[in-house]
Amino acid sequence: MSHDTPLPATRARRLLALTLPLLGAVALTTACTADADPTDSTPSPAPPVTMPAATDTVDQPPPSASAPATIPTSAFVELPRELLKSPRRATPVADALPTLCGNEFGTGGRQVTASAAMTVTYKKPDEPASNVPQGMIHQTIFTFEGDGASAYMRRLRGAVQACPSYDQGGNPVTVESRALPGVGDEALVLTRTWDEESLNGDPTGRDASSQITVARVAGAVTVFNDQGWEGSSGNPAVMDRVTRDGVRAIDAWQR
């Protein structure tokens, strides 16, 4: 029968002295691993990024999805042959828009996605093309985002009401406005009246007048500015026809 021989006391003490430091080192390593930030295996979270609310994308789509960014020539009115004196031509918007007391017909850039203007010269239907024109009609088209077209009409009505008359070259001009029913989604006609003068600048004792019409078709607004030839009166019948034809052209373009 064998018996285990006990280690000498001196050797036992040496083994215990070596074992205790090793156990402490293992415990210390385990604690550090558990408490340390695991930067080596998992990256730290990135700083928070502010994103636009999802409702912005739904309620306010980009211009390409909500309104045209360009306006084709086909959107503008084309005069019938019996009224056409000269073909329509592109015109700067600033030159085509009328002015009364101020910049009533300007948009101020509010929600506008596109703008363009054209001018056409017209004649009396029963006169030859070689005769002097009766006048020119400047047409401007604006397209808007959201409710910009309706807001434009509201601002315009307020501006026109605040301008019952204005001075033009030292001569007073009166302004009257009324609704134009049955044209687009909403429409307005303004009549400007002043003392007529001859080509020499002498008073004739008669009144001269011209019209401005403004119509909204969905998200677009068109402004027609009739200017009689060399300061003479415009033609209300021609303006009414041109306005209605112009609204139909815009409606066809938007479909």
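Predicted model: local features only at pLDDT ≥ 70, side-chain atom pairs only at ≥ 80, totals over all residues.
Gly135, Ile137, Gln139, Ile141 and Thr143 point one way. Met136, His138, Thr140, Phe142 and Phe144 point the other way. Residues of both sets are buried. Strand E3 spans residues 135-144 and is mostly covered, with 10 of its 10 residues buried.

Strand E3 has pairing partners in E2 and E8. With strand E2 (residues 112-122), the pairing is antiparallel and runs over 10 bridges. Here Tyr122 stands opposite Gly135 of E3. With strand E8 (residues 220-228), E3 again pairs in the antiparallel sense, over nine bridges. In E8, Gln227 is the bridge partner of Met136.

Aromatic contacts link E3 to a helix. The count of aromatic pairs comes to three. One of them is formed by Phe142 and Tyr152, with ring centres 5.9 Å apart and planes at 50 degrees, so the pair is tilted. Phe142 lies in strand E3 and Tyr152 in helix H5, so the contact ties together parts that are 10 residues apart in sequence. Both Phe142 and Tyr152 are buried. Another pair joins Phe144 to Tyr152. Its ring centres are 5.8 Å apart and its planes lie at 40 degrees, so this pair too is tilted. The relative accessible area of Phe144 is 2%, so Phe144 is buried. Tyr152, at 1% relative accessibility, counts as buried. Phe142, Phe144 and Tyr152 form one aromatic cluster.

Charged contacts were examined next. A search of the whole structure finds 10 salt bridges. In one of them, the side chains of Glu78 and Arg88 meet at 3.9 Å, N to O. Glu78 sits in the loop between helix H3 (63-66) and strand E1 (84-90), and Arg88 sits in strand E1, so the pair ties together parts that are 10 residues apart in sequence. Glu78 has a relative accessible area of 60% and is exposed. Arg88 is partly exposed, at 24% relative accessibility.

A salt bridge also forms between Glu186 and Arg157, whose closest N and O atoms are 2.9 Å apart. Glu186 belongs to strand E6 (residues 186-197) and Arg157 to helix H5 (residues 148-161), so the pair ties together parts that are 29 residues apart in sequence. Glu186 is buried, with a relative accessible area of 18%. Arg157 counts as partly exposed, at 28% relative accessibility.

Arg216 and Asp185 make a further salt bridge, with the closest N and O atoms 3.9 Å apart. The pair links distant parts of the chain: Arg216 is in strand E7 (residues 203-217), Asp185 is in the loop between strand E5 (171-179) and E6, and they are 31 residues apart. Arg216 counts as buried, at 15% relative accessibility. Asp185 has a relative accessible area of 48% and is partly exposed. Elsewhere, salt bridges that share partners join Glu82, Arg241, Asp245 and Arg248 into one network.

Definitions and conventions:
Residues numbered from 1 in each chain as written. Heavy atoms only, no water. Buried < 20%, exposed > 50% of the residue type's maximum accessible area, 1.4 Å probe, protein only. Helix = DSSP H or I, 4+ residues; strand = E, 2+ residues; numbered from the N terminus. Pairing = 2+ DSSP bridges. Salt bridge = Lys/Arg side-chain N within 4 Å of Asp/Glu carboxyl O. Phe/Tyr/Trp six-rings, centres within 6.5 Å; stacked < 30°, edge-to-face > 60°.
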